[in-house]
Amino acid sequence: MAAISTPAAPGTFRYQLASFWSDFSASRGALVGLIFIVLILLVALFAPWVAPHDPAMQDRSALLVPPVWHAEGSWDYLLGTDAVGRDILSRLIYGARYSLSISAMVVIISMGAGIFLGLLAGYFRGWIETVITRVMDVVLAFPSLLLALGLVAILSPGLTSAMIAIAMVQLPYFVRLTRAAVIGEKNREYVIASRLSGAGHLRLMFNTLLPNCMAPLIVQATLSFSTAILDIAALGFLGMGVQPPTPEWGAMLANAREFMGSAYWAVTFPGLIILLTVLMINLMGDGLRDALDPKMKRS
Amino acid sequence: MFKFLLVKLAQLVPTFIGVTIVAFAFIRLLPGDPILLMAGERGISAERYAELKAQMGFDRSLVAQYFDFLKGLLHGDLGNSLVTHSPVMDEFMSRFPATLELSLFALAFAVIIGLPAGVLAAVKRGKTLDHTVMGVSLTGYSMPIFWWGLLLIMLFSSTLGWTPVSGRISFMYFIEPVTGFMTIDSLLAGDWGAFLSSLHYLILPAIVLGTIPLAVIARQTRSSMLEVLGEDYVRTARAKGLSSFRVIMVHTLRNALISVVTVIGLQVGLLLAGAILTETIFSWPGIGKWMIDAISRRDYPSVQGGLVLIAFIVMIVNLLVDIAYGVINPRIRH
């Protein structure tokens, strides 16, 4: 073990960070999740160096080659090739870029807009709150994937519309959480003290209240991130998301579907990577919730 | 109780209006002129265009058009499909039983497995069984169900040949639709072969659609069981010398069920979203597949009608869940 530095004093940011880390790392699942996510982020980031082939390159001499552990498999194509001779492993690696970056954008958009609307609703109450919560109720009345599909139909299928549609569907959860947290914090002494010392609305909302409402929002962000990966893949699978030949995981599944009987690998691996990524994010989310939200702790 | 009901109903009204506005706006927000869209590739003469515009009310103010739409809606008139030219309402109603049947079987699957699994996990807290149940349910919760469906088809249909790949019943049987539920209709017709065939076709789609609800129910059951197990009255029951089976089944489970029932009810929106994917994979002739087809064929009146009707169903089920929650948990009513 490394030499232990002087323990941080309670109440400081370093102390909070240390106590968060000790809670978070107490869960083995959360750590495994975190490590997996970091790895897949690195792979996505360095895709051109990591991937053995160009994801769009079609090797006409190697159509539907099985994975390497089969007798007919080849070390050139570790996870086999698809129907037009593209390397599945490389496509999965490049696909990580799409899935992760679109989902990250979804979370940023819906979290940003959700926090803003939730702060407005919780801080000002009155008619602003009524309008915002009613609109969110309407969004929640539609099954998420259906609303996303409807929005994509309006915006025309593609990467950007899929992103906007899924962000829209996720919005109500952030609005509700922020609003509830703001209402809970609003009348606490530190907020009143800040107001009495002359802080304006914006300062109270963003500097005083928001940092104290972040814990549930961070947990929700991880949940949203995994839901976004699933929804993006579902839209891609239905042909309404990222369009082929882009190596998006859901679209890859849709393309491989007709070769289900003859080339199981073309179907199995894209789905497996979706499942693993979502599972690991959820594991990490559970750990985050235990560490950040004392009320939910160790239940 | 009556007051509670009225309040809940009143809260629903703005959402109802909001849903109709969203659905109304849907067709108007589409890129392009709806009449030109409906005319398709052939184009349309200027006179016919003006005639259609007047006929469909597009020449009137948006507010007037909205009230026309609302009036039609309240009379059950959602316009006609651009593809089949039959009323959207009829199209929806003829397919809805298929989705309902699939969803009910999926929910039954989820409850029958998820509930006992959650109870066992709570009772064996911290043991291997608990970790296994929680691990499996987290995996189920993270499952891309469109892939799960394909995997099960590859295994059970293609490789083992145990289950059919798509459809609702073998083509050898023709059952006159009475309720629209293939299982009930075949029983009504007294045809055992058809009944078994319909079950055979149901099993794989129901498992696929039920997977995520199963995971949610198992997790919720476990956590509310653990909560109730810590209550004083459970300790009292144990102290009275009741058998631990009785303590768990009667004193704990009954109270834990309150929140589980709510969660089960809230799965309906999830089931309808999942039905879109499941029905696409299994070519199940329900509203999910119908909506996807409508979207890809640009049959906008059908998409619009489907959006409204599905949102209504979700709202009504949520209302029923709220009421059921009030009935089984009197603390909530006040």
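Trainee: Why is the contact of Lys289(B) with Asp293(B) called a salt bridge?

Mentor: In this predicted model, the closest N and O atoms of Lys289(B) and Asp293(B) are 3.3 Å apart. A salt bridge requires a Lys or Arg side-chain nitrogen within 4 Å of an Asp or Glu carboxyl oxygen, so the pair qualifies.

Trainee: What separates Lys289(B) and Asp293(B) along helix α13 of chain B?

Mentor: The two residues are 4 residues apart in helix α13 (residues 287-296), which places about one helical turn between them.

Trainee: What makes Lys289(B) partly exposed?

Mentor: The relative accessibility of Lys289(B) is 25%. Buried means under 20% and exposed over 50%, so Lys289(B) falls in between. Asp293(B), at 22%, is therefore partly exposed by the same rule.

Trainee: Is Asp137(A) buried or exposed?

Mentor: Asp137(A) has 18% relative accessibility; this is under 20%, so Asp137(A) counts as buried. Arg176(A), at 44%, is partly exposed.

Trainee: Why is Glu129(A) called buried?

Mentor: Its relative accessibility is 11%, under the 20% cut-off, so Glu129(A) is buried. Its salt-bridge partner Arg125(A), with closest N and O atoms 3.0 Å apart, is partly exposed at 33%.

Trainee: Which residues are linked with Arg125(A) in a network of salt bridges?

Mentor: Glu129(A) and Arg179(A) are linked with Arg125(A) in that network.

Technical notes
Residues are numbered from 1 along each chain as its sequence is written. Chains are lettered from A and ligands numbered from 1 in the order in which they are written. This is a predicted model: local features need pLDDT of at least 70, side-chain atom pairs count only at pLDDT 80 or more; totals for chains, interfaces and linings use all residues. Side-chain values use heavy atoms; hydrogens and water are left out. Buried means under 20% relative accessible area, exposed over 50%, partly exposed in between (1.4 Å probe, protein chains only).
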